Structure formats: structure tokens, C-alpha cells
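This briefing goes through one protein chain by topic. Please have the sequence and the 3D view open while reading.

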Amino acid sequence: VLKILSVEETPESLAAWLDVLGFAEAYDYIYIPRGLKGGCSGIGKCVGFGFVNFKRQQDAQRLLDVSPLQHREPERKVVVLPADEQGVVSNLVKFWQGAARRREANSVPSQARPWLYNCGCSEAH
């Protein structure tokens with residue numbers, strides 16, 4: 001879990017930041033929960049935290065070891081904590097089960113879905 005993210009954070013911007021920090025190709029999943037109020041688009045802003053799944057335990061540990069991280073915004077420090085859910089499949093199942101419980105499974109916009117990376121794609125699923 002990455003906490004204290006900017007409200008403007010997107011999966012693409014978080015991926016780019018992780019790449020700059022030396023974690024390119026180390027992660028395979030990013031999910032940034034969005035607020036419910038999104039105006040015309042129906043998609044709100046980042047609620048301040050996000051989830052990243054690393055393919056190898058040592059990469060996740062390396063990110064934990066350097067926490068808190070200096071964000072692109074100088075006054076913002078991002079805190080990294082281990083998440084309860086581990087692994088891409090487990091995280092996807094949890095997301096879609098939550099969407100189904102809220103009866104949103106067929107209406108979740110791609111910008112509000114988890115993104116998969118380094119699996120031959122970088123798109124919402």
C-alpha cells in the first residue's frame with residue numbers, strides 16, 4: 001500500500017514514478033481507488049492511496065526499505081506499507097468481488113479498474 005498519494009495520481013503516473021525510482025518491470029499490478037464524485041466522467045480523484053503488487057518479494061522489500069519516499073511534489077512524502085492481499089490474482093478477485101457486492105461489476109470505468117503491467121499489456125482489467 002502506498003499512502004499519501006496526490007489526488008491527481010493515476011495508474012500511469014504511479015507506474016512512471018516507480019520506473020524512475022528503479023522499479024521498472026518489477027511490478028505487475030497497480031490499483032488506485034477513486035472517489036465517487038467525478039462530475040461528468042463519473043470518475044473521482046485518487047483517495048490518497050494505491051496498491052502495487054511486486055513480482056518478487058525482494059523488490060517489495062526494497063521499496064519498503066526506502067519508505068518514506070520523496071514524491072514528485074516536494075512537500076509530499078509517500079509512505080509504503082505491506083498490504084493484506086498479496087498477488088495479482090488475489091487482488092483482482094478482491095476488487096471484482098467488491099464491485100459485484102456494490103452491483104457495479106458491469107459499470108466500472110476502465111480508469112477506475114486495476115491495471116496490469118509487464119504481462120504484455122498495460123491496461124485496465
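Strand 1 (residues 2-3) pairs with strand 3 in the antiparallel sense, over two bridges. The model is a predicted one. Its protein chain holds three helices and seven strands, and their order along the sequence is β-α-β-β-α-β-β-α-β-β. Of the 125 residues of the protein chain, 38% count as buried.

**Pairing around strand 3**

- In the pairing of strand 1 with strand 3, K3 stands opposite F49.
- Strand 2 (residues 27-31) also runs antiparallel to strand 3, and four bridges join the two.
- Opposite V52 of strand 3 stands I30.

**The second largest pocket**

- The volume of the second largest pocket is about 310 Å³.
- Its lining is made up of 19 residues, and those nearest the centre of the pocket are V52, F54, A60, A83 and Q86.
- Strand 3 (49-54) and helix 2 (57-65) are the elements that each give two or more residues to this lining.
- Sorted by class, the lining residues of the second largest pocket are twelve nonpolar, five polar and two charged.

**Helix 3**

- Helix 3 covers residues 88-101, which is 14 residues.
- From first C-alpha to last, helix 3 reaches 20 Å, close to the 20 Å expected at 1.5 Å a residue.
- Which residues of helix 3 are buried? They are V88, N91, L92, F95, G98 and A99.

- E25 sits in the loop that runs between helix 1 (11-23) and strand 2.
- The phi angle of E25 is near 65 degrees, which is a positive value in a residue other than glycine.
- Is E25 buried or exposed? E25 counts as exposed because its relative accessibility is 56%, and the cut-off for exposed is over 50%.

Definitions and conventions:
Residues are numbered from 1 along each chain as its sequence is written. This is a predicted model: local features need pLDDT of at least 70, side-chain atom pairs count only at pLDDT 80 or more; totals for chains, interfaces and linings use all residues. Side-chain values use heavy atoms; hydrogens and water are left out. On a 1 Å grid over the protein atoms alone, a cavity is a set of points where a 1.4 Å probe fits but cannot get out, and a pocket is an open set with protein on both sides within 12 Å along at least five of seven lines; lining residues have an atom within 4 Å of a point. Grid points are joined across faces, edges and corners, and a volume is the space filled by probe spheres set on the points. Ala, Val, Leu, Ile, Met, Phe, Trp, Tyr, Cys and Pro count as nonpolar, Asp, Glu, Lys and Arg as charged, and the others, Gly among them, as polar. Two strands pair if DSSP finds at least two bridges between them. The expected span of a helix is 1.5 Å times one less than its number of residues. Buried means under 20% relative accessible area, exposed over 50%, partly exposed in between (1.4 Å probe, protein chains only).
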